[in-house]
Amino acid sequence: MALADARARVPMLETAEHDESADRAWLEQLADGCIHYTPLVALDPPHGLILDVSGCAHLFGSERGLAVHVEARMAALRMTARLAFADTPRAAHALARYQAFVARDEATAIRKLPVAALELDPEATQGLLRAGLKSVGELAKRPMAGIAARFGAQAVTALRELLGEASRPIEPRIPATPILAERRFAEPVARTEYAIAVLGELAAEAAWQLEQRHEGGRRFKACFFRSDGLIRPLMIETSRPTRDPALVIRLMNERIESLNDPIDPGFGFDLIRLSVPVTEPLAVTQLKLEGGAAKEAEVAALIDRLSTRLGRERVCRLVTQDTHIPEQMQLALPFVEAAPPAAKWPVPTPGEPPLRPLHLFDPPQPIEVMASVPDGPPHRFRWRRKFHEVRRFEGPERIASEWWKRRDGAVDNAGLTRDYYRVEDARGRRFWVFRHGLFDEKPNPKWYLHGLFA
Amino acid sequence: MMRESVDQLAMLRRNLASIAGNRLLSGDQRIATGHLTLDAALDGGLARGRVHELFPAEADDGPSATGFAAMIALRAAGRDSPIFWLSSDQAGRRGGRLHAPGLVELGGDPGALVLGQAPDAKALLRSAADAARCPGLKALIVECWGKCPELDLTASRRLALAAEQSGVTLFLLRLEAEPLPSAADTRWSVGTTPSRPLEADSPGPPMFEIELLRRRSGPSGMRWRLEWDRDQIIFREPANSGAMVSLPAGRPVAADPWRLSA
């Protein structure tokens with residue numbers, strides 16, 4: 001049924017766009033929850049999970065007990081579940097989706113399934129139906145060579161898998177074990193220097209674990225467990241994945257130095273743990289002979305060090321925003337966060353002078369303006385207790401308020417338009433000033449200085 | 001005996017250091033501005049791996065000095081290297097915050113800009129010293145407001161040494177400050193000057209009047225007028241603005257410091 005058709009029948013129909021990645025994420029979450037039943041859980045996208053419950057069903061009484069438990073949990077999540085038990089994953093997959101008749105045992109149930117359960121391409125399924133082969137049982141009676149000749153080798157493979165003659169193993173999801181290195185002490189360690197040295201050894205262990213997985217850490221967390229129960233966590237972040245223990249220790253030292261109060265060992269630490277909560281793939285890199293990669297890494301290391309010392313909000317990159325309002329055009333994001341997909345900055349027209357100032361005041365600074373005509377360019381203005389005579393100007397450049405973003409969205413309350421002028425005073429200082437509001441929008445519009453040109 | 005050999009070694013080391021330190025900078029170790037007479041006076045441009053101090057000519061010329069620093073840093077960094085811009089918290093309050101579309105209008109790429117903001121002058125200088133030690137950088141701008149007593153001769157010498165070893169060119173912007181003795185290679189006063197009028201008497205590209213206040217290895221006190229060409233990312237001599245004095249033929253510029261009538 002087309003969407004328009006459905007809407008015609010049910011006018012109140014609510015629609016949402018299909019989000020494949022969200023579905024997939026939800027399925028993965030359910031799969032993680034199913035670890036409760038068996039360690040071998042495989043995804044069967046787009047909407048299935050295969051659980052290998054061999055030797056696990058007795059924990060829930062029987063297979064029936066297991067099924068009741070799964071259904072109850074899914075119902076609590078407001079999910080509709082169709083369950084099927086079978087000897088092979090392929091048969092369970094087909095029975096859960098295509099079973100229409102009650103059967104005595106599994107073999108009969110499979111033979112009663114429609115040929116669509118083979119999940120061949122639509123043409124082959126159509127061909128089977130035209131040949132009068134409606135169920136899997138009818139097809140299984142035919143010689144395999146004939147089926148292969150008419151419907152392709154895949155039809156034979158699908159049939160044999162369904163009947164349990166050929167097997168296809170499942171790929172169970174193995175939850176990633178967290179990367180963790182810890183050291184317990186028989187006697188509490190009371191010296192901070194020694195604790196830091198131990199942290200260095202732990203960083204080397206974590207680096208080895210990361211290397212095994214071809215991953216690098218983006219965030220490292222060190223926890224010092226004091227013998228009186230106090231836990232002191234320290235967190236560092238890097239702008240690119242790393243597994244260099246020396247770098248991790250250097251950043252940890254920066255973090256310790258930037259703390260307001262130094263780490264107090266008290267009666268000593270009895271456990272030190274280093275974990276890597278956020279990792280990213282990091283292939284083994286080869287250093288370039290001319291040192292190109294090394295240079296980038298040096299800049300990244302510098303950024304990490306300053307982000308750790310000054311705070312992550314204080315070392316940032318500027319990204320562009322899709323708006324016309326000058327003060328909202330840029331956004332400063334912490335550099336250690338992954339760069340968002342780069343939107344392009346507008347390219348200036350060759351031959352034009354700079355039309356936007358290098359420095360912007362936010363909020364704009366109010367100025368007193370004398371203009372020769374009320375809605376004309378400024379003639380002279382006063383800013384920070386000094387008068388500036390305007391010698392040259394260009395404008396107005398009219399920037400309307402973004403009425404389409406206003407909550408009331410009304411045309412009769414659209415916000416004030418700004419008329420921007422690029423002006424130069426007698427000494428050559430260049431300013432960006434604007435009048436906030438047109439004369440038919442506001443009786444006595446105010447003037448502001450918004451930016452300073454180089 | 002032992003003592004003597006140690007002394008000799010130390011002397012040899014000193015000799016070597018003085019030879020290495022005084023070696024002439026070759027062409028690619030200079031940042032050519034594009035302004036012919038200025039480059040000629042500086043033996044090819046501003047030296048890379050050195051500290052250059054920039055002072056506004058008057059209190060209101062802060063934006064010009066900042067703009068000049070951004071432009072010369074663009075020339076120093078080239079296409080493939082990021083520009084590191086360090087400032088302190090009070091910069092945003094007093095001079096406005098850096099506006100990326102304005103940097104685009106000067107020919108820069110905000111994507112290749114790393115902004116660092118230090119809470120106070122001490123943290124600013126410490127971060128600046130760290131950044132100056134990073135050989136991956138080519139251009140570093142340190143925006144320093146006010147008198148900044150932390151930036152004494154020792155701190156300035158530390159920055160100069162770090163820059164020399166790593167090859168980072170450091171532009172030290174001293175806003176609302178008076179020149180004091182420092183270890184910088186050159187010291188400039190940057191002032192603004194009326195731009196070349198375009199059609200309908202509108203303001204043209206940025207124009208500066210800069211004065212070389214001090215230079216470690218050469219004469220100082222000269223003045224030049226520069227116009228920024230955004231499309232080529234280069235400085236130019238202003239085209240017949242009327243205030244230009246032609247260069248006397250056959251006389252070296254450096255030997256006869258001349259002044260432009262402003």
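Q: What is the strand order of the open sheet of eleven strands?
A: Strands of a sheet pair through backbone hydrogen bonds, either parallel or antiparallel. This is a predicted model, and in it the eleven strands follow the order E8(A)-E7(A)-E6(B)-E4(B)-E7(B)-E8(B)-E3(B)-E9(B)-E10(B)-E11(B)-E12(B), with mixed pairing. The edges are E8 of chain A and strand E12 (234-236) of chain B; each has a single partner strand, so one side of each is left without a neighbour in the sheet. Direction ignored, neighbouring strands are turned by 30° against each other on average.

Q: In what sense do strands E3 and E8 of chain B pair, parallel or antiparallel?
A: The pairing of E3 (residues 51-56) with E8 (residues 169-175) in chain B is parallel and has four bridges. Within this pair, Leu54(B) has Leu173(B) in E8(B) as its bridge partner.

Q: Which strands does helix H7 of chain B touch?
A: Helix H7 (residues 153-166) packs on the sheet and touches E3 and E8 of chain B, with a direction at about 130° to that of E3(B). Another helix of chain B, H3 (residues 62-77), lies across E3, E4, E7, E8, E9, E10 and E11 of that chain and runs at about 175° to E8(B).

Q: Is Leu226(B) buried or exposed?
A: To decide, count the other C-beta atoms within 10 Å; 20 or more make a residue buried. Leu226(B) has 24 and is therefore buried. Leu226(B) belongs to strand E11 (residues 223-229) of chain B. Apart from neighbours within four places in sequence, the contacts of Leu226(B) are His35(B), Phe208(B), Ile210(B) and Phe235(B). Arg236(B) is ten residues away along the chain, yet its C-alpha atom is 5.7 Å from that of Leu226(B).

Q: How many helices and strands does chain B have?
A: Chain B contains seven helices and twelve strands. Of its 262 residues, 47% count as buried. Take the contacts in chain B between residues at least 6 apart in sequence: 71% of them join residues at least 24 apart.

Q: Over how many bridges do E9(A) and E5 of chain B pair?
A: E9(A) and strand E5 (residues 97-98) of chain B are joined by two bridges in the antiparallel sense. Opposite Arg97(B) in E5(B) stands Leu360(A).

Q: Which four strands of chain A form an open sheet?
A: The order is E3-E6-E4-E5, and the pairing is antiparallel. Strands E3 (179-189) and E5 (231-242) of chain A each have a single partner strand and stand at the edges, so one side of each is left without a neighbour in the sheet. The twist from one strand to the next averages 15°. Strand E4 (residues 215-226) is joined to strand E6 (residues 269-281) of chain A by ten bridges, and Arg219(A) has Val278(A) in E6(A) as its bridge partner.

Q: Which strands of this sheet does helix H10 of chain A touch?
A: Helix H10 (residues 192-212) packs on the sheet and touches E3, E4 and E6 of chain A, its direction making about 35° with that of E6(A). Helix H11 (residues 245-258) of chain A lies across E4 and E5 of chain A and runs at about 130° to E5(A).

Terms used. Residues are numbered from 1 along each chain as its sequence is written. Chains are lettered from A and ligands numbered from 1 in the order in which they are written. This is a predicted model: local features need pLDDT of at least 70, side-chain atom pairs count only at pLDDT 80 or more; totals for chains, interfaces and linings use all residues. Two strands pair if DSSP finds at least two bridges between them. Axes are lines fitted to C-alpha atoms, for helices over the stretch in contact, and angles run from 0 to 180 degrees between N-to-C directions. Two residues are in contact if their C-beta atoms, placed from the backbone, lie within 7 Å. A residue is buried if 20 or more other C-beta atoms lie within 10 Å of its own, exposed if 12 or fewer, and partly exposed in between; C-beta atoms are placed from the backbone.
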